Amino acid sequence: MAVSIVVRVILYLLLGPVIGGLLEGIDRIISARMQGRQGPPLFQPFYDVYKLMHKQTIVVNSIQVLFITAYLIFTIFTGALFFGGGDMLLVFFSLSMSEVMLVLSAYSVNGPYSAMGAQRELLQMMCYEPMMLLLAIGFYVAQGSFMVNDLIGADRPAVIALPGMLIGFAFVLIIKLRKSPFDLSTSHHAHQEMVKGLTTDISGRDMGLVELAEWYDATLMMGIVGMFFVTREPVSYLFAILACSVVFFLITLIDNTHPRVKAMRMFGLAWGVILVCAGTNLLILNLIGK
Amino acid sequence: MKLSKSPWILHYDGSSCNGCDIEVLATMMPHFDVERFGVINTGNPKHADILLLTGGINSQTAPVVRQLYKQMPDPKVVMACGICACDGGIFKECYNVLGGADQVVPVDIYVPGCAVRPEALIEGVKKAVAILDEKQQEMKIAMKQGYCTVDYGRLAVHTTEDDYNSEESSPEAAQEQTQTAETPGTTEGGDAE
């Protein structure tokens, strides 16, 4: 058992950025085709990070480097905890810790755009954190355990008991992955009202590390979507991958068809969807369970 | 893998008639789709590899261009797009125009045209990324031959307040520069009218 955990963690460490980078490449190609153009090559995100790693790094405040490295390490730790079969609650707690590190790095540079991006990132965290907690509780109520190891050995897929949670989580994923209409703190597209927001004053190698952490993060998020479908049967992994593809395509579609919303609108929408979908789901689950 | 596979562009308009800027934006649009070469139009100098300048430089924009250039991490390339950015063009003899972009920052590529065509711009970017690779290669060779023991291109640089408040970055200094330059239209009689 212990050996398989180590193998799974090592696989995540190696394949996490590859999958995350490819997801971003696919996302950029799909977006381009939706806009009627050819789009960049599939491996463009890897070229970008290679370039960033080989450029000069401009550091505004030395502590910034520490926070960005901590962001990467905490993100990797979160993913390793999840794919190693750890506690779902701990996964979500360390996930928010990694986000806090990124926010701190943006605050530490004292730039106006970075500070605005950091404030908005905190707001975005406020939008998706309740969903993360509800999700952990939902898995516990439905399957009787917080441990990922027990959850993947379930008899029936969690999505049967938690369809509302899946909808809520997919919605929150748009905020988490900073896609339009909720790309308030920083955008993947150029020219927004506050330059690059959160990552304005991060350059060179540091920016490469942030991109790397985002890839690990994307892999982790897709893993959590897959969790809804995984059971004891090996064939369920196929369904999980299929579900991840559908969710990822929907996020790209929404990214390309919706303009950015105001912060308070995002707040209302996110909490509304969470309350209606996830909250009701949890309520019904509790009533039936008793 | 080379740096040239992902050139990120920072576009700044010195003081043009906006003709070149419209062409630059047209190049970034789906019709020409420069993203297929990995080009991204970023608004942030700290992420940019290529500084794309349009229009002549005047005393108001000279300090801005200098600061943008300073904020870009090495290796970097400067492209002067359109005849105004190349040498001042039709605005050359205006009382407030310093001249082309090369008056304030070292320019690597000159792309002529009035307004500059998207085809010429794409060709210019292609040449600019070749220079980007060359600059990185030169750095590597210098290190191998022992001329340079520290890879300055990759060395982390700390910005200080002086970088933002140096003497040459004040608009007043640039104002003085235009007034001392021998250009027609700076006579006192011209001002009185």
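# Briefing: a five-stranded sheet in chain B and its surroundings

Chain B holds an open sheet of five strands in the order β2-β1-β3-β5-β7, with parallel pairing. The edge strands are β2 (40-41) and β7 (109-111) of chain B, each of which pairs on one side only. This is a predicted model, in which local features need pLDDT of at least 70, side-chain atom pairs count only at pLDDT 80 or more, and totals for chains, interfaces and linings use all residues. Residues are numbered from 1 along each chain as its sequence is written, and chains are lettered from A and ligands numbered from 1 in the order in which they are written.

**Terms for the fold**

- Helices (H or I, at least four residues) and strands (E, at least two) are DSSP runs, numbered from the N terminus.
- Two strands pair if DSSP finds at least two bridges between them.
- A residue is buried if 20 or more other C-beta atoms lie within 10 Å of its own, exposed if 12 or fewer, and partly exposed in between, with C-beta atoms placed from the backbone.

**Chain B overall**

- The secondary structure of chain B comprises seven helices and eight strands.
- Of the 193 residues in chain B, 43% are buried.
- Among contacts in chain B with a separation of 6 or more, 80% come from residues 24 or more positions apart; a contact means that the C-beta atoms of two residues, placed from the backbone, lie within 7 Å.

**The sheet of chain B**

- Strands β1(B) and β3(B) pair in the parallel sense over five bridges, and Y12(B) stands opposite L53(B) in β3(B).
- Five bridges also link β3(B) and β5(B) in the parallel sense, with L51(B) opposite V78(B) in β5(B).
- Strand β5 (residues 77-81) of chain B pairs with β7(B) in the parallel sense over three bridges.
- The bridge partner of M79(B) in β7(B) is I109(B).
- Helix α1 (residues 19-28) of chain B packs on the sheet and touches β1 (8-13), β2, β3 (50-54) and β5 of chain B.
- The direction of α1(B) makes about 140 degrees with that of β3(B); axes are lines fitted to C-alpha atoms, for helices over the stretch in contact, and angles run from 0 to 180 degrees between N-to-C directions.
- Five of the five residues of β3(B) are buried, so this strand is largely enclosed by the rest of the structure.
- In a regular strand the side chains alternate between the two faces of the sheet.
- From β3(B), I50(B), L52(B) and T54(B) point one way, while L51(B) and L53(B) point the other way.

- Helix α8 (residues 204-227) of chain A has 24 residues and reaches 35 Å from its first C-alpha to its last, close to the expected 34 Å; the expected span is 1.5 Å times one less than the number of residues.
- Because 23 of its 24 residues are buried, α8(A) is largely enclosed by the rest of the structure.
- In chain A, 28 residues are in contact with 26 residues of chain B.
- The elements α2 (44-53), β1 (58-59) and α8 of chain A each supply at least two residues of the side that touches chain B, and α2(A) gives the most, with five residues.

**Backbone exceptions**

- Most residues other than glycine have a negative phi, and most peptide bonds are trans.
- The peptide bond from S180(A) to P181(A) is cis, with omega near 10 degrees.
- A cis peptide bond also joins C114(B) and A115(B), with omega about -10 degrees.
- N18(B) has a positive phi near 80 degrees and counts as exposed, with 12 C-beta neighbours inside 10 Å.
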